Amino acid sequence: MRTSSTPGFIVALSTVLLFAGCAINPVTGSRNFTLMSEADEMNKGRQAAAEIQKKYDNYDLPALQNYVNTVGQKLAKKSHRPQLEYHFTVVDSPQVNAFALPGGYIYVTRGILAYLNSEAELAAVLGHEIGHVTARHSVRQYSAATAANAAATVGGLVAGIFMPQLGGQLAQGLQSLLGFTGSALLSGYGRSHELEADRLGAEYLARSGYDPQAMIKVIGVLKNQELFDIEVAKQEGREPRRYHGIFATHPDNDTRLQEVVGEANQYIEPAGTDDRRAEFLRQTDGMVFGDAVNQGVVRGSTFRHKEMGFMLSFPPDWRVRNKPDEVVATSPDGDALMALSLFDTPRGSPADLARERFRLESSDQILSMTNNGLPVAVVTSTTQNGEPFKAGVIYHDSKAYLLAGRGDSPAAFDRYRAAISSAIESFRALTDAERESIKPLEIRTITARKGLSYTELARNSPLGVNAENYLRLLNGQYPEGEPVPGQKIKIVK
């Protein structure tokens, strides 16, 4: 068999890349090196959108979907690529996120909508994502990375405000789908592209009758989310999330950002601008906040799952988070944690499954029992690194669940051993009445009376120990603002 030498391959590839083609940038009118035609861009976007729909459900509120789409289409008509067929979708996720796929597929989560306070701010989020599409940032990033390293192509076709929230499995799926093998699919863009998206979004805002300064407000919302999450992350013993993370300072102090957004003032119509706050609050009143019922809900230290029909309780002072693939509880000092997850397909008894999956050599490590009418195997053992842990393998309704707990040290494990046992023992089936009683939290709008404070509202809030700051974030008054008499404010109930 005849084979080509490596140097010949490199020369041939370099020639292909050199003459692959340049395309006119729809925004600047200048030529950009690209390896993807507009038809390819559309096709990749459609394929990626199908994968997104497998990962996320659309939020089931047609009026809100129509409202967001109407605002998005209004902006898109004023963009540099009005001929594209844009799709604007609200996905049923509590995560604070917005992202765009190639070709005009733009998504916002109900999580980010909760923290916006006007239609102008919604338009700013959508305008920023439209800016990524019109400037073909994904195509340009893909092309530049391919030219720089054809053997390990770096992607980047998903562009968003908070990229890591899409999740590792989805990232890998899109990488496979789109033909990328690099590790930067969800790394987002650099400062130049983000600033260009902000500039373009601000221009589309002004051309559509909104104040372009709404772009600054939205980035401020995201920056405040980041600052608040740094404090919460310390409480929960985890790494903080990053939003629009290329901005190291608050947008109010970012001179370059102020300049690029200020350029849009020339496009403001003589009739002026309207933030349409009242309409936005009307459209989002009653929107689900936090976990959806079909994802399980956390109330205090108790987790209940309506569809799977079970509940369990963690210690009262532990912090509980419902993640897409597990429920995690962290001790007050962050030196121990417990995690609940779907374990495996039940095979034999819980003890059989535990012995197989944990590769246990001694039966003394397993205690079989029936707890709350459910078959359970309790395992006390050590990891491969010698760290002690305790776990319960629980069979319920043709599913196997694993609730495992560990400490950061043997001493910490000993302190929390009884708490881990108690959590395992609390796992039980829900009654029909309990299932029906599970309702999601919702955004509600009230009018602030004189003297009303977020401290007072937090006392009766279901948002937990950080309720006061959550309420300030929801109303754009973080970190120290207070309701103004007569102001429409959002609460959660």
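Mentor: Two strands are said to pair if DSSP finds at least two bridges between them. Strands themselves are DSSP runs of type E with at least two residues, while helices are runs of type H or I with at least four residues, and both are numbered from the N terminus. The model is a predicted one, in which local features need pLDDT of at least 70 and side-chain atom pairs count only at pLDDT 80 or more, whereas totals for chains, interfaces and linings use all residues. Residues are numbered from 1 along each chain as its sequence is written, and side-chain values use heavy atoms, with hydrogens and water left out.

Let us begin with strand 5, residues 105–109, which is joined to strand 4 (residues 98–101) by four bridges, the two running antiparallel. In this pairing A98 stands opposite V108. Three residues lie between the strands of this hairpin, and G103 takes a positive phi near 85 degrees there. Strand 5 also pairs with strand 3 (residues 87–91), this time in parallel and through five bridges, and in that pairing I106 is the bridge partner of F88. In general, the strands of a sheet pair through backbone hydrogen bonds, either parallel or antiparallel.

Now consider how strand 5 is covered, where buried means under 20% relative accessible area, exposed means over 50%, and partly exposed lies in between (with a 1.4 Å probe and protein chains only). Five of the five residues in strand 5 are buried. Y105, Y107 and T109 point one way, while I106 and V108 point the other way, and all of them are buried. In a regular strand, side chains alternate between the two faces of the sheet.

Elsewhere, four strands form an open sheet in the order 8-9-10-18, with antiparallel pairing. Strand 8 (297–299) and strand 18 (428–429) stand at the edges with a single partner strand each, so one side of each has no neighbour in the sheet. Strand 8 pairs with strand 9 (residues 302–305) over three bridges, and here T302 in strand 9 is the bridge partner of R299. Helix 13 (residues 410–426) packs on this sheet, touching strand 10 (310–313) and strand 18, and its direction makes about 160 degrees with that of strand 10. Contact here means heavy atoms within 4.5 Å, and the angle, on a scale from 0 to 180 degrees, is taken between N-to-C directions of axes fitted to C-alpha atoms, for helices over the stretch in contact.

The whole structure holds 27 of them. One of these joins D285 and R444 at 3.7 Å, N to O. This pair links distant parts of the chain, 159 residues apart, with D285 in the loop between helix 11 (277–284) and strand 7 (288–289) and R444 in strand 19 (residues 441–447). D285 counts as partly exposed because its relative accessibility is 32%, and R444 is partly exposed, also with 32%. R428 and E434 meet at 2.7 Å, N to O, with R428 partly exposed at 25% and E434 partly exposed at 23%. There is also a network of salt bridges that links E38, E41, R81 and R136.

Terms used. Salt bridge = Lys/Arg side-chain N within 4 Å of Asp/Glu carboxyl O.
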